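Please look through the structure shown below, and keep it open while you read.

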Amino acid sequence: MLDLARLIAEFGGDPSTVYYLDNPTPEVLAYATLLGPVRKTDENLSAILGVYEWQGSPLMFLVDADDLAEKPGSLLAIRRLLAMRGDAPYLGVAAPGRLDVYRIALDDQKAPRQVRMLSDDNPQSRLALPFLANERPDAALSKQRWISDVVLRLLTDAIDALIVIDGISHDDAISLVGRALFTRFLADRSLLPADLEKDASLLFDDADRAENTSKWLDRTFNGDLLPLTDGIFYALPDQGYLVLGNILRRAPGGQLSLGWEERWDRLDFAHIPVGVLSQSYELYLRSHAPLKQRREGGYYTPRPIADLVVSAAFKGLGDRDALKDAKVLDPAAGAGVFLLTAFRELVAAEWRRTDVRPTTPDLRRILYNQITGFDINEAALRFGALGLYLISIELDPNPQPVNKLAFTNLRGHVLHLLSDEENDPSGLGSLGPLVRDNHRQCYDVVIGNPPWATGTKLANWSFIDRLVSQIARDRGIEGNPALLPNEVLDLPFVWRAMEWAKAEGQIAFALHGRLLFQQGDGMPGARQAIFDALDVTGIVNGAELRQTKVWPEVAAPFCLLFACNRVPAPEAAFRFVSPHREKSLNAAGRMRLDALNSDPVASERLRETPELFKILFRGTTEDVSVIERLRSKDHPTLEAYWRKQVGLSDNGRLLGVGNGYQTLRLSSRMRKIGDGEPGVSASYLHGLPDLTVDALSDVLIDTGSLIEFQHTRLHDPRKREIFDGPLMLLHKSPRAASGRITAAVCEADIAYSETFYGYSPTGHPNAANLVRYLALVLGSRFAVWWALMTSGEFGVEREVVEKATLERMPIPNFDRLKPEQFCALRDLFEDLVKGVRKWSDVDQWVAELYGLSDRDLQTIDDTLEFSLPYAINRRLAEAPPSPAMQETFCDALAEELRPWSLRYGSELKIRLVPVGSLSPWCCIEIITGDDLENAVISSGELSALLRAADMIAATETDLLLGSSRLLHARLAQARYWTKTRARLYAQHVVWTHLNLLKSRKSA
């Protein structure tokens, strides 16, 4: 047999993550469908030797080139079969010293050359595996080619075809299709009894056969199946049986011998994992459920996300013995995606503990005693039960005959329906009184993806408020903070998990990103309360990955929270990881989790800097330092200054400040207000010039060029004083081209719409110069950087800067400007109007006002160039660093390190190391002491460095060579090659490799 580990190492991979399928171990349990009896009798599957994993997920299946040579046409058949698994994107054809790579997909390509990715003919093939793992060429998840989407579309079409039949309810349609699909799963795996197997494709072709098949399913699986209306099969017309019959059809001669079409008979459910079915079914329920259920529900969870959450939570429990009897709860189980993954992990843990693969009784014990799920959706729980049955069969080393696999009913023991209008009319589900006290402190792991809804207006919300408040008090949270602002639905699950989990148990949830970033509506206090009550151990911030294939269909920012169920110690800290957008990797449904280079966050520091997560997300620790130093100065916020010097209006808001007018919308036209007409009269703005976005291109607005305000009715009235000149106007959406907030001054009264913020300092003795001052400060690059660092929306899920963010910004006190600063202000503004000076001059003047150093400005510039939330900045960030940029990085690094080497009398040299165009990293070498010019890097040293980087999905990693040489690999993306990053890496070198800088030149 080929030595796959050695071959993988030759091509730059990690040999420790190569698994042989002929030598089953707990690590290959995820490939159970390739370990069973089907593989042993399928000549195509028998050629598959093993699998190579990257970051715990399969990257490439490996086949023997000699086996393929004996089976013409089998290559394309194998890749199509493997595509039905929905996991690895590549197929490697292995021979001694050679590896040819083909993409895996459901397509109709008929020649190997059409799907070949890399071959050994490439002179850089020794970097093939890191290149494929990090870059994922041609691995994008396509709705036309990805198995979960194919199953979803076929599932949806079948259910929709039944729903249109008179007398067939939505629930019955779901159940009918689910039963047929379950039967097809068993048939393709040869698990039906002999009397059903002989006519498997006809089992749902007429009423009698469908009725008999369903009765057998009910007997075998103890009635815990998708429920059906009595007599439904005899009420179903012929067209219904055609729909169900199609699900059971299999292509004659085998699916793999035919070209690809998106049809039931082209699928082979002997190889489609159970998780694919559960994910597709859950996605259908989320997309097609009634409105109330969708509003109170959540988002389906992609399998890679569920796998990550479960795996990390289990690692938090410690050694293998801790998992022997570990109990797992998903309090919002849906169709069971998390429970399926948890069950597989528990089975693998049992195998590791005993060195014996778990048998049928072992699998039942784990299922009945260690898995629990809650949900309010009957159909989802029913399908969740089917998923648990199926994965029990899938993981069984000897699943035949199926009659020996009889299950105990899971309802009320493993799976709990928490929707009872008679006993719990509140509809609170897992958060309400239907969860009994016997679940308190019962679980070693609480996991899941609870619903993310906000403002739900659920009846009896006060019950949740009281319950959460009591949990908080028990954890020592004082002061009655608003723990659940705006009735967010995911946070109470975190609090209740503290009750359900045992002391020191693990809690891991996928949550809405507002927990990390929202700054208004009481969220900072709610956030701090959670971090004070729960020992958070890690956070994955997925905000930048929204609207990517990492979590398809999700536009909201998300985060993954991992915690140990105990009150944190005063010095507690956790890892905060923010995966960046990487187009090709994300398009393949993957993200880079570089935990070793993530930011450690002390829980207590959140109290001092509530925006800490946002700063670290869009910036670096250097940005944090700038923010904290600015806040330590005696600058009032814009709101504080305005409140004191201009005043408040009758309603307690800042006088002369507000959003512009709002035009009538359809909903407002239906309302009759005051005079009986829709909306309100717009007469108070008649006669004023009306501002357009184009007119804001000049810092001083020429009202003579504007048309007059035309509207007769508006949605709501605004205070007239906010339109009084002189005033400063801001466009709420910064322009990508300029990278700044557009600000301008108008000296006369003017009308403007809600897309602008207006500041009219009515009654201020120096109003004309105050608005000029504000326009320069808020129009500077510093202001957009401040918004990017501290806004809960800008750079998270919107490209709009909130007015509240600007008003929390510290601004040097206008009334304390020195005479020379005041003169500079007037001259600069006038020169800007005339075109004599540019906004870059404004940036420099503003920097001097704040006392920002050149180092601070470099930090701000680097952050804005690569972290603004615009397509142009994302492209710049992902682009490979130019040779000039790499040289600048090395120069900046040398400048930072040289004072240290001089202190110890050591000479220092930093140089770039060529690695080849296929490498995902660029490399540098730091040399001290002797032979600064003559040191040579061996191919083995370079390979070791790149392999280490690939093993941990690194953005950066080091390899120390003796006492005087350090090899450093850094991801080949421009965002990691700035001067700011060079300074941060210099700090790392000083902290961890100080002896390197002490290496002296020989006498």
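Predicted model: local features only at pLDDT ≥ 70, side-chain atom pairs only at ≥ 80, totals over all residues.

Residues are numbered from 1 along each chain as its sequence is written, and side-chain values use heavy atoms, with hydrogens and water left out.

We can begin with a pair of helices, bearing in mind that helices (H or I, at least four residues) and strands (E, at least two) are DSSP runs numbered from the N terminus. Helix α6 covers residues 147-163, and α6 packs with helix α7 (residues 170-188) at an angle of about 135 degrees, their axes being 9 Å apart. Here the axes are lines fitted to C-alpha atoms, for helices over the stretch in contact, and the angles run from 0 to 180 degrees between N-to-C directions. The angle makes α6 oblique to α7, given that angles under 35 degrees count as roughly parallel, over 145 as roughly antiparallel, 65 to 115 as roughly perpendicular and the rest as oblique. The way in which α6 passes α7 is a right-handed crossing; a crossing is right-handed if the near helix is turned clockwise from the far one by less than a right angle, and left-handed if anticlockwise. Where the two helices are in contact (heavy atoms within 4.5 Å), the residues of α6 that take part include Leu155, Ala158 and Ile159, and those of α7 include His170, Ala173 and Ile174.

Because Arg153 belongs to α6 and Glu262 to the loop between α11 (238-248) and α12 (274-288), the pair ties together parts that are 109 residues apart in sequence. To describe how covered a residue is, we call it buried under 20% relative accessible area, exposed over 50% and partly exposed in between (1.4 Å probe, protein chains only). Glu262 is partly exposed, with a relative accessible area of 31%, and Arg153 is partly exposed too, with a value of 23%.

How many salt bridges does a search of the whole structure find? The search finds 49. One of them joins Glu956 to Arg970, with the closest N and O atoms 3.2 Å apart. Glu956 lies in strand β24 (residues 956-961) and Arg970 in strand β25 (residues 965-971), so this pair ties together parts that are 14 residues apart in sequence. Both Glu956 and Arg970 are buried. Elsewhere, salt bridges that share partners join Glu622, Arg855, Glu896 and Arg983 into one network. Arg837 and Asp841 form a further salt bridge, in which the closest N and O atoms are 3.7 Å apart.

Turning to buried positions, we find in helix α16 (residues 360-370) several buried residues, including Leu363, Ile366 and Leu367. The elements that cover the buried residues of α16 include α15 (337-354) and α17 (378-394). Ala508, which lies in strand β11 (residues 501-512), is buried as well, with a relative accessible area of 0%. Leaving aside its neighbours within four places in sequence, Ala508 is in contact with residues including Val309, Val446 and Leu561.

A disulfide is a covalent bond between the sulfur atoms of two cysteines. When a disulfide is taken as a pair of cysteine sulfur atoms within 2.5 Å, the count comes to 0 disulfides. As for individual cysteines, Cys746 is buried at 0% relative accessibility, whereas Cys823 is partly exposed, with a relative accessible area of 36%.

Finally, some details of the backbone deserve attention. The peptide bond from Gly725 to Pro726 is cis, with omega near -5 degrees, and Pro726 has its place in the loop between β18 (713-714) and β19 (727-731). Asp521 has a phi near 55 degrees, a positive value in a residue other than glycine. This Asp521 is found in the loop between α20 (514-517) and α21 (523-533), and at 62% relative accessibility Asp521 counts as exposed.

Definitions and conventions:
Salt bridge = Lys/Arg side-chain N within 4 Å of Asp/Glu carboxyl O.
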